[in-house]
Amino acid sequence: MKTRKLGILVALLMVPLFLTVSCCTKKAVKPTPTTGEKGNQSVSAQQKGVQEEGLTKKKYPGIQGEFMESKYLKDIHFDFDKYNIRPDAAAILKKSAKYLLAHPTYKIQIEGHCDERGSVEYNLVLGERRANSAKKFLVNLGVDPSRLSTISYGKEMPLDPRHNEEAWAKNRRCHFIILEK
Amino acid sequence: MPPRWEGNIVPKSITPALFEKRVTHDLWITGFFNIISGQEIPSSLRNAYLARNQLNLKSFRALGAEFVLATTSGVSQGIFTIESHLYDVAMGKEIAGYRLKGSARAKDRVFHAFENKIIYFITGSNGLFDTKIAFVSTQTGNKEIYTIDFDGRNRKRITRNGSINLSPRWSPDGTKIAFTSYIRRNPDLYIIDFKVGKIYLFSHRTGLNVAPAWSPDGKYIAVTMGYASRSQIFLLNMRGKKVRQITKGWGDNLSASWSPDGKKIAFVSNRTGRPQIYIMNADGTGVRRLTFRGTYNVAPVWSPRGDRIAYSGIIDGRFQICTVTLDGSTIRVLTSIGNNYTPCWSPDGRYIAYCQTTKRGSDIYIMNFDGNFKRRLTHDRGRNSMPSWSPHLEKP
């Protein structure tokens, strides 16, 4: 509980810092704003369609490395004991591919997740299959496979901890994180 | 004629009442005994024994007793001693008299040796009091590896990395535990070496390094790893080097378990679309499907007696522990409450430990191999899962 609170606190502090950094690297020509103009800067970034605002660094407890998440990389979902890409997931992945093609430096990790039913080990294998399905789909849409790594968390990181159909449907997913910008 | 008590053993720190409570509990959990408490024995019988060392075994028969256990214990100069006499009521004579000593700081070990001997003299094979069960617990908020003694005492935390730790598996000699951990943002295999007191990275191929299965001779570990975007079982030597790929063919193959003679391996495959249990020779040839009932059967473990395989399968919508004979003909369903996962056998094949999840939580249970006499082993607030039973850890 303590660590989670700390994590959120850190994340909030990082927001303005990251806006500054991303803006600087993207638009080197633009004069760097003074610290007092942070509010204005975020508005101008939005107007220009710079989409990476809110990319805050996160960390999973006990797992090395930091990562970022983007609202433009949405989770996709699967049926029980299945790893095929459903039509609703395909529509999401097409948008994700566009985002990735627009940000060619981003390195992405695709996490395969499962619901709580079945053995830990079978779910690790199933999660790997789901991540691989998503990767294959994105590669077919033109994303360079060297930018996409996969990892399976099996049933170890449920999004919804409840034990019912609704929770299970949410937990059978691929989640996309940005390891490098 | 029973022998007289020897020595000047002064009871200290363990009162007779505490001693009896402990031994009663420990003998009860084996499932072999109904215990008649010392309090229920008529005082005339007790007094005759205490005062004159006379044991009228015929009168114990009237109580329904088949065996009588008379013990004394105490600490003297840092040495904890248990002296014990075991009588067979039907035969009308003492069948075992022995004295066990050990450091007073390690009373549990003396107790375990004492209790193992009782089991040995009555059943003809060793008790399991010198065995431990490794498992995964979320007590600290994340999944760490713990061990607990067969009698439910001496719970110990083994890993302290704050990460996700899974699938602990004892080596056949009981000196190591292999497990999977996500410390390096990949499910890598680690080995805890209790002799050296160290944890080291064993296999860290990108992707899965999971479901470690030690060969019975301790020379190899069969590991489930990714290969060509599927999962296959590979044989690694103790330096972590790939010796060969064991499984081939369509679908995912995973969760190896060796036969006790090391000649065959049971595993899970979804080559027909749904996970089922299969058997093959240890070199990957001669694959045959073992389970045909149900649509989801996983986590096979080969009995140390070699005659059956336990697994977890969906029956009427929930996961139950089952056993199946090697020809697939006889399936027994051993559990009925909640969902039940990851069975593992005691080293003598008499018991199965498993994980039971209900609305209340998730705990390790032990039952007889026929499904009788279920008892809960873990009693903490964490969610406990993935038991692995050690071999005997003391030399007989």
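1. Start in chain B, where Phe19(B), Phe80(B), Tyr98(B), Phe111(B), Phe114(B), Tyr120(B) and Phe121(B) make up one aromatic cluster. Rings of Phe, Tyr and Trp (its six-membered ring) pair here if their centres lie within 6.5 Å; planes under 30 degrees apart are called stacked, over 60 edge-to-face, and the rest tilted.

2. Some ground rules before going on. This is a predicted model, in which local features need pLDDT of at least 70 and side-chain atom pairs count only at pLDDT 80 or more, while totals for chains, interfaces and linings use all residues. Residues are numbered from 1 along each chain as its sequence is written, chains are lettered from A and ligands numbered from 1 in the order in which they are written, and side-chain values use heavy atoms, with hydrogens and water left out.

3. Back to the rings. The count comes to 27 aromatic pairs over all chains. Take Trp28(B) and Phe373(B): their ring centres are 5.1 Å apart and the planes stand at 70°, so this pair is edge-to-face. It links distant parts of the chain, with Trp28(B) in helix H1 (residues 16–29) of chain B and Phe373(B) in the loop between strands S25 (361–368) and S26 (375–376) of chain B, 345 residues apart. Helices (H or I, at least four residues) and strands (E, at least two) are DSSP runs, numbered from the N terminus. Trp28(B) is partly exposed at 41% relative accessibility, and Phe373(B) is partly exposed at 28%. For reference, buried means under 20% relative accessible area, exposed over 50%, and partly exposed in between (1.4 Å probe, protein chains only).

4. Phe179(B) and Tyr190(B) are a stacked pair, 5.7 Å centre to centre with 25° between the planes. Phe179(B) belongs to strand S8 (residues 176–181) of chain B and Tyr190(B) to strand S9 (residues 188–193) of chain B, 11 residues apart. How accessible is Phe179(B), buried or exposed? Phe179(B) is buried, at 1% relative accessibility, and Tyr190(B) is buried at 7%.

5. Strand S23 (residues 339–345) of chain B is worth a look: 7 of its 7 residues are buried, so the strand is largely enclosed by the rest of the structure. S23(B) pairs antiparallel with strand S24 (residues 351–358) of chain B over 5 bridges; two strands pair if DSSP finds at least two bridges between them. Trp345(B) has Ile352(B) as its bridge partner in S24(B). The two strands form a hairpin with 5 residues between them, and Gly349(B) in the turn has a positive phi of about 75°.

6. Two backbone angles to check by eye. Most residues other than glycine have a negative phi. Asn154(B) has a positive phi, near 60°; this residue lies in the loop between strands S5 (144–149) and S6 (156–157) of chain B and is partly exposed at 30% relative accessibility. Ser167(B) is not a glycine either, yet has a positive phi of about 50°. Ser167(B) is found in strand S7 (residues 165–170) of chain B and is buried, with a relative accessible area of 1%.

7. Now chain A, where 4 strands form an open sheet in the order S1-S4-S2-S3 with mixed pairing. Strand S1 (76–77) and S3 of chain A stand at the edges with a single partner strand each, so one side of each is left without a neighbour in the sheet. S1(A) joins S4(A) antiparallel through 2 bridges, with His77(A) bridged to Arg173(A).

8. Strand S2 (residues 107–113) of chain A is mostly covered, with 6 of its 7 residues buried. S2(A) runs antiparallel to strand S4 (residues 173–180) of chain A over 6 bridges, and Lys107(A) stands opposite Glu180(A) there. S2(A) runs parallel to strand S3 (residues 148–154) of chain A, also joined by 6 bridges; here Glu111(A) stands opposite Ile151(A).

9. A confidence caveat: pLDDT is the predictor's confidence in each residue, from 0 to 100. Chain A has a mean pLDDT of 79, and 70% of its residues reach 70 or more.
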